[in-house]
Amino acid sequence: MRPTDLVREHTIYACVMGSRAFGLATDASDTDRRGVFLAPTALFWRFEKPPTHVEGPGEEQFSWELERFCELALRGNPNILECLHSPLMEHVDDTGRELLSLRGAFLSRRAYDTFTRYALGQHRKLEADVRTTGAPRWKHAMHLLRLLTSARDLLRTGELHIDVGEQRGPLLAVRRGEVSWPQVEDRMARLAAETEEALHRTPLPPEPDHARVSDFLFRTRRTSALTGLS
């Protein structure tokens, strides 16, 4: 079976991500689609295993195999966790609905490390842009502010919300270059400090619920195997 056929025939969850899901879309924004597919269990009985991820078949489309998706979510990968919380769902079946019901099982204090580490990497890239061109890539600066806000609020409330809501205007002003880089850096520093402070009082558990996720994956694989044999 071709990788793109796995996406076409076995997707359990699909959503729109990027600026459209964040509430930051403009007329020029692309439509980034993300999804999760469940490779039939029988495919794992061959020497050549199914792919852990697939690009396509559509433009700006990327999907993960369920096990890889869960593995990354348990690690607190920001992109994966945000995918689980997209307000723009395009497809979901019964298995996908159970995956979405486990959103809380993936959340833990690990998010502080993963979100912060990702943010630091993005900030270094912006600083390099400023050194070489005199200005950052403003779109990336906007999204970094969005990510830092999301991380702070996740640690404060224990819930992940990715639509920026009333922050749309101020963030789009950053994208348009209407806010100076020193002001943006000050805002980033403030958000980082607030995120660290939130960590000390967060309602999130120290670790994600590996047992619940493992049970879900085992049952899903078993059902797929039995269906394939019937």
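Visitor: Which residue takes a positive phi near 90° in the hairpin of E3 and E4?

Guide: Gly 56 does, in a hairpin that has five residues between its strands. The model is a predicted one. As a general idea, most residues other than glycine have a negative phi, and most peptide bonds are trans.

Visitor: Which peptide bond is cis?

Guide: The bond from Gly 56 to Pro 57, where omega is near 10°. Pro 57 belongs to the loop between E3 and E4.

Visitor: Which residue has a positive phi although it is not a glycine?

Guide: Glu 60, with a phi of about 55°. Glu 60 also sits in the loop between E3 and E4.

Visitor: What is the relative accessible area of Glu 60?

Guide: The value is 42%, so Glu 60 counts as partly exposed.

Visitor: Let us turn to the strands. What is the order of the strands in the open sheet?

Guide: In general, strands of a sheet pair through backbone hydrogen bonds, either parallel or antiparallel. Here five strands form an open sheet in the order E3-E4-E2-E1-E5, and the pairing is mixed. E3 (53–55) and E5 stand at the edges with a single partner strand each, so one side of each has no neighbour in the sheet. From one strand to the next, the twist averages 15°.

Visitor: Which strands run parallel, and over how many bridges?

Guide: E2 and E4 (residues 61–65) run parallel, joined by five bridges. Two partners can be picked out on this pair: Val 36 has Trp 64 in E4 as its bridge partner, and Gly 35 has Ser 63.

Visitor: How many bridges join E3 to E4?

Guide: Three, and these two strands run antiparallel. His 53 stands opposite Trp 64 in E4.

Visitor: How many bridges pair E1 with E2?

Guide: Six, in the antiparallel sense, with E2 covering residues 32–37. Val 16 stands opposite Arg 33 in E2. E1 also pairs in the antiparallel sense with E5 (residues 89–92), over three bridges, and there Tyr 13 stands opposite Val 92.

Visitor: How many residues of E1 are buried?

Guide: Seven of the seven residues in E1 (residues 11–17), and the strand is mostly covered.

Visitor: Which strands does helix H1 lie across?

Guide: H1 (residues 3–10) lies across E1, E2, E3 and E4, and runs at about 95° to E1. Helix H5 (residues 94–101) also packs on the sheet, where it touches E1, E2 and E5; its direction makes about 60° with that of E1.

Visitor: Now the helix pair. At what angle do H7 and H10 pack?

Guide: H7 (residues 110–133) and H10 (residues 181–199) pack at about 165°, with their axes 12 Å apart. That angle makes H7 roughly antiparallel to H10, since angles over 145 degrees count as such. Their crossing is left-handed.

Visitor: Which residues of H7 and H10 meet?

Guide: On the H7 side they are Tyr 112, His 123, Leu 126, Glu 127 and Val 130, and on the H10 side Trp 181, Glu 185, Met 188, Thr 195, Glu 196 and Leu 199.

Visitor: Which residues touch the most other members of the largest nonpolar core?

Guide: Leu 66, Phe 69, Leu 99, Phe 106, Val 184 and Met 188, in a core of 57 residues. Helix H8 (residues 138–157) supplies the largest share of this core, with nine residues. A second, separate core has six residues, including Val 7, Phe 37, Ala 39 and Val 54.

Visitor: What is Leu 99 in contact with, leaving aside its neighbours within four places in sequence?

Guide: With Ile 12, Val 36, Leu 66, Phe 69, Cys 70, Leu 84, Phe 106 and Phe 216.

Visitor: Is Leu 24 buried or exposed?

Guide: Leu 24 is buried, with a relative accessible area of 0%. This residue is in the loop between helix H2 (19–22) and E2. Apart from neighbours within four places in sequence, its contacts include Met 142, His 143, Arg 146, Val 164 and Leu 171. The C-alpha atoms of Leu 24 and Gln 167 are separated by 9.3 Å, although the two are 143 residues apart along the chain.

Notes:
Residues numbered from 1 in each chain as written. Predicted model: local features only at pLDDT ≥ 70, side-chain atom pairs only at ≥ 80, totals over all residues. Heavy atoms only, no water. Core = buried A, V, L, I, M, F, W, Y, C linked by side-chain atoms within 4.5 Å. Buried < 20%, exposed > 50% of the residue type's maximum accessible area, 1.4 Å probe, protein only. Helix = DSSP H or I, 4+ residues; strand = E, 2+ residues; numbered from the N terminus. Contact = heavy atoms within 4.5 Å. Pairing = 2+ DSSP bridges. Axes fitted to C-alpha atoms, helices over the stretch in contact; angles between N-to-C directions. Parallel < 35°, antiparallel > 145°, perpendicular 65-115°, else oblique. Left-handed = near helix turned anticlockwise from the far one by under 90°.
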